[in-house]
Amino acid sequence: MDEIRFDPQTGQPVQPQYAVMRKTFSATAKERLLALLSYPAAFLYVCAILAEGKTIRILFAVFTLVFCLGVEYAHRTVRAGWERWVWLGCLALCVLPPLWGGGKVWEDHTWLFLHGFAIYYVLNRADALMEGRTSHLLPADGFCGAIVYPFANFFLRFRVLGTFPRRREKTAGRTVFWSVLAILAAAGAFIAAAVLLSQADRGFAELIRAPFTIKVHFDLITFFSRLVLSLPVGAYLYGLAVGVGREQQIRERGGKLCAALERMRAVPVKIWIALLAVFALLYGVFFFVQGQYLFGAFTRTLPKDFTVAEYARQGFFELCKVMVLNFALLWLALRSAGESARTHRGLRAAATVILAESLLLAVTAGSKLWLYIDCFGFTPLRLQSAWLIASLSVGVICAIWSLWTNRRSVRAWAIFSGLSLALLHLV
């Protein structure tokens with residue numbers, strides 16, 4: 001029991017002061033090894049980005065393989081769900097088909113999808129989703145995976161490499177660490193020395209080149225510029241792949257976000273019902289006035305002075321934009337209404353009417369696209385449009401199903417959209 005001390009001037013008991021213990025930073029041998037391997041991996045990524053032609057596809061395939069192996073090794077003790085295999089498969093579909101001439105549908109957009117699938121695969125593999133699965137917090141999870149986690153751990157690699165095992169630990173980890181570092185440094189110096197000497201003397205260059213059948217061109221300035229560029233890239237990749245495993249209270253963060261969304265419920269339900277009724281009336285008038293024009297694709301009757309191409313293009317993307325607008329409108333209505341649509345029948349009925357009209361818009365836009373494809377055949381742009389309308393239609397169906405069954409449907413919609421998008425790379 002601690003002895004109680006009194007202040008001689010005031011006579012009041014003095015509370016004992018304890019030293020504040022700082023939590024020291026420590027790193028595992030796995031984190032140190034991955035930190036070292038992240039340097040050549042980032043350099044490979046930079047080379048892939050700056051490559052041209054088929055080389056870029058090959059380098060990206062190699063980098064993706066290295067990246068996924070590193071993620072699996074980093075989180076091998078984490079118990080992840082089956083969903084991670086879906087996103088890993090989508091990632092493979094973005095990388096492999098272009099190697100044998102596929103991927104004509106998305107072309108340059110493939111690399112954007114590749115990064116998105118990679119980030120979401122890491123979140124699933126590390127069990128770092130706010131609700132433990134794909135949910136209505138999908139945008140927040142994506143933002144954290146792309147921005148928050150990598151930049152919050154941007155200097156993690158530097159800190160990991162700056163730590164050393166304690167004395168009481170075995171020295172084997174330190175030996176392996178410095179041995180690998182010495183081998184990599186010596187190999188880089190050896191290659192640079194051999195290349196510089198070959199550039200200084202032609203005879204030596206022929207001697208060095210003789211055992212090899214492939215002539216390698218080495219530009220020292222290009223090499224070091226890419227090396228410097230790979231440093232921040234490697235810090236980002238390491239912060240994403242490894243740093244996400246150090247993130248704490250991810251589930252609590254999701255709970256706080258859900259609680260913040262619940263606090264939005266301040267608008268009387270009757271106001272939103274009236275507003276949704278105005279939108280429903282607007283769409284009803286539109287269908288009535290333009291009915292023959294909208295549904296002409298089903299009967300192959302075109303408006304006067306319209307060609308098939310003009311008719312199919314007219315209004316397709318506008319109809320898709322209206323569907324997206326309806327999704328945003330319903331999200332705001334269902335989140336800010338004073339009562340939940342799952343308990344208030346009037347609000348649920350009004351939302352269902354808007355969703356049904358959105359589905360009718362999707363069918364109309366799809367009929368236009370089908371008439372265009374039937375007359376002129378498939379093209380990459382038309383396949384992209386077909387994927388868009390299919391994704392929006394499935395989103396509407398999932399929303400209606402969730403609204404009336406009180407079951408989650410965001411994951412089903414996300415998997416359908418992501419997997420169908422990735423499968424188009426086979427074309």
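Modeller: Happy to; please keep in mind that this is a predicted model.

Biologist: How much space lies in the largest pocket?

Modeller: Rolling a probe the size of a water molecule over the atoms shows where empty space is left. For the largest pocket here, that space comes to about 1600 Å³.

Biologist: Which element gives the largest share of the lining of that pocket?

Modeller: The lining of the largest pocket has 41 residues, with S135, H136, L138, V410 and W413 nearest the centre. Elements that give two or more residues to it include α4 (110-125), α5 (138-152), α16 (345-376) and α18 (410-423). The largest share, eight residues, is from α17.

Biologist: How many residues of the lining of the largest pocket are nonpolar, and how many are polar or charged?

Modeller: The pocket lining counts 41 residues in total. They divide into six charged, eleven polar and 24 nonpolar.

Biologist: Moving on to rings, is the pair of Y45 and F60 stacked or edge-to-face?

Modeller: The whole structure holds 15 aromatic pairs. In the pair of Y45 and F60, the ring centres are 5.8 Å apart and the planes meet at 80 degrees. Planes over 60 degrees apart count as edge-to-face, so this pair is edge-to-face.

Biologist: Which helices does that pair tie together?

Modeller: Y45 and F60 are 15 residues apart in sequence. Since Y45 belongs to residues 29-50 and F60 to residues 54-74, the helices tied together are α1 and α2.

Biologist: Are Y45 and F60 buried or exposed?

Modeller: Buried means under 20% relative accessible area. Y45 has 14% and F60 has 2%, so Y45 counts as buried and F60 is also buried.

Biologist: Which charged residue lies over the face of W404?

Modeller: There are charges over rings to look at here. The charged end of R157 sits over the ring of Y39, 3.9 Å from its centre. Over the face of W404, at 4.4 Å from the ring centre, lies R348.

Biologist: Lastly, how far apart in space are V148 and L240?

Modeller: V148 lies in helix α5 and is partly exposed, with a relative accessible area of 31%. In sequence, V148 and L240 are 92 residues apart. In space, C-alpha to C-alpha, the distance between V148 and L240 is 9.1 Å.

Key. Residues numbered from 1 in each chain as written. Predicted model: local features only at pLDDT ≥ 70, side-chain atom pairs only at ≥ 80, totals over all residues. Heavy atoms only, no water. 1 Å grid on protein atoms, 1.4 Å probe; cavity = no way out; pocket = protein on both sides within 12 Å on 5 of 7 lines; lining within 4 Å. Points joined across faces, edges and corners; volume = space filled by probe spheres on them. Helix = DSSP H or I, 4+ residues; strand = E, 2+ residues; numbered from the N terminus. Nonpolar A, V, L, I, M, F, W, Y, C, P; charged D, E, K, R; others polar. Phe/Tyr/Trp six-rings, centres within 6.5 Å; stacked < 30°, edge-to-face > 60°. Buried < 20%, exposed > 50% of the residue type's maximum accessible area, 1.4 Å probe, protein only. Lys NZ or Arg CZ within 6 Å of the ring centre and 35° of its normal.
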